Amino acid sequence: GLKIVAIAGSFGKTSTKHILHHLFSESATLLITPESINTELGISRVILKTLTGQHRLFFIELGEFYPGHIRKLAKFIHPDFGILTPIGRQHLIRFGSLEKIAETFHDLLAFFSDTKKILVSESYHDFFTEDIQYYGTKKESPYRIEKTHVTRAGTECTIATPVSTFQIFTPLFGEQHAVNLLPAFWLAEHLGIDTQKILKMVTTLPSIPHRHEPILGANNVLVLDNGYNTNPDSAQESLNLLTSLDASQRIIVTLGFVELGSESAPIHKAFGESLAHSVEYAGIIESEATQAILEGFIHAG
């Protein structure tokens, strides 16, 4: 009776996995690959040491370290369902282009003969031609969030699915995390789990370590620890979150991104320009990207 759910993508997969774990914890005996474990060896250790006959749901994160890696992992775990979180320019040094990254993630889609068994971020819309169920923020996506409002308490939004619309509040911060909730509603429909159970659990979601994790300091200071976010595309969502929060001053500390190859300089310069429009102060930790970030920051005034 075990159902296996494979989760892959450039960013958001670990957050999505932890969200699914919490939201389904009262509906089934389940297991997730811990932390950011996502390789053959790591998954094998979890299966051998932790998986039991009592488990009914197993959420497995898939890494993408070389072309064909997702295909290899899918053949290994034989998932019943798949989730493709957003694509981004992480690992460009390994794959060479965003198109090549998309090809690697397409291998998970190709594993399923029934495309209704996989939910795909709308960020793949320009890369895939199949009839797919997308999720995100666009009106064209059958699973989407609307009317997002972020405060220091958390995030309010509307969740729209093909069958229902819900007003929800979650203690998680930002539109990006609200989007990460959508696969749970899609999967609940497929598994026949009451959506009301999922909605009840949304209000008690714990923060996810180092992914917009809130730390309350003295003098009304809010620190959002986003230390595991090393993707230039998801970083823009983080800046959007920063500007949406009510604050007298906004400060960012960053060393930029890794594994961008020849695209590193232009991406970091553009990031520096975005910082100039989002924060009053920037602390740039010395790295190979420092000069490009600084150039963009100064160029933007």
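Buried means under 20% relative accessible area, exposed means over 50%, and partly exposed lies in between, with a 1.4 Å probe and protein chains only. This is a predicted model: local features need pLDDT of at least 70, side-chain atom pairs count only at pLDDT 80 or more, and totals for chains, interfaces and linings use all residues. Residues are numbered from 1 along each chain as its sequence is written, and side-chain values use heavy atoms, with hydrogens and water left out.

Q: Is Lys72 buried, exposed or partly exposed?
A: Lys72 has a relative accessible area of 47%. Buried needs under 20% and exposed needs over 50%. Therefore Lys72 is partly exposed.

Q: Which residue forms a salt bridge with Lys72?
A: A salt bridge is a side-chain nitrogen of Lys or Arg within 4 Å of a carboxyl oxygen of Asp or Glu. For Lys72, the closest N and O atoms of the pair are 3.7 Å apart. The partner is Glu40.

Q: How many residues apart in sequence are the parts that Lys17 and Glu61 tie together?
A: Lys17 and Glu61 form a salt bridge, with their closest N and O atoms 2.9 Å apart. Lys17 lies in helix α1 and Glu61 in strand β3 (residues 57-61), so the pair ties together parts of the chain separated by 44 residues. Helices (H or I, at least four residues) and strands (E, at least two) are DSSP runs, numbered from the N terminus.

Q: What is the relative accessible area of Lys17?
A: Lys17 counts as buried. Its salt-bridge partner is Glu61, and Glu61 is buried too, at 2%. For Lys17 the value is 0%.

Q: Which side chain does the side chain of Thr14 join in a polar contact?
A: Thr14 sits in helix α1 (residues 13-23) and is buried, at 7% relative accessibility. A polar contact is a pair of N or O atoms within 3.5 Å; within protein, one must be able to donate a hydrogen and the other to accept it, and residues adjacent in sequence count only if both atoms are side-chain atoms. Here the distance is 2.9 Å, and the partner is Glu61.

Q: Which helix holds Lys200, the partner of Glu26?
A: The side chains of Glu26 and Lys200 meet in a salt bridge of 3.1 Å, N to O. The two residues are 174 residues apart. Glu26 is in the loop between α1 and β2 (30-32), while Lys200 is in helix α8 (residues 195-202).
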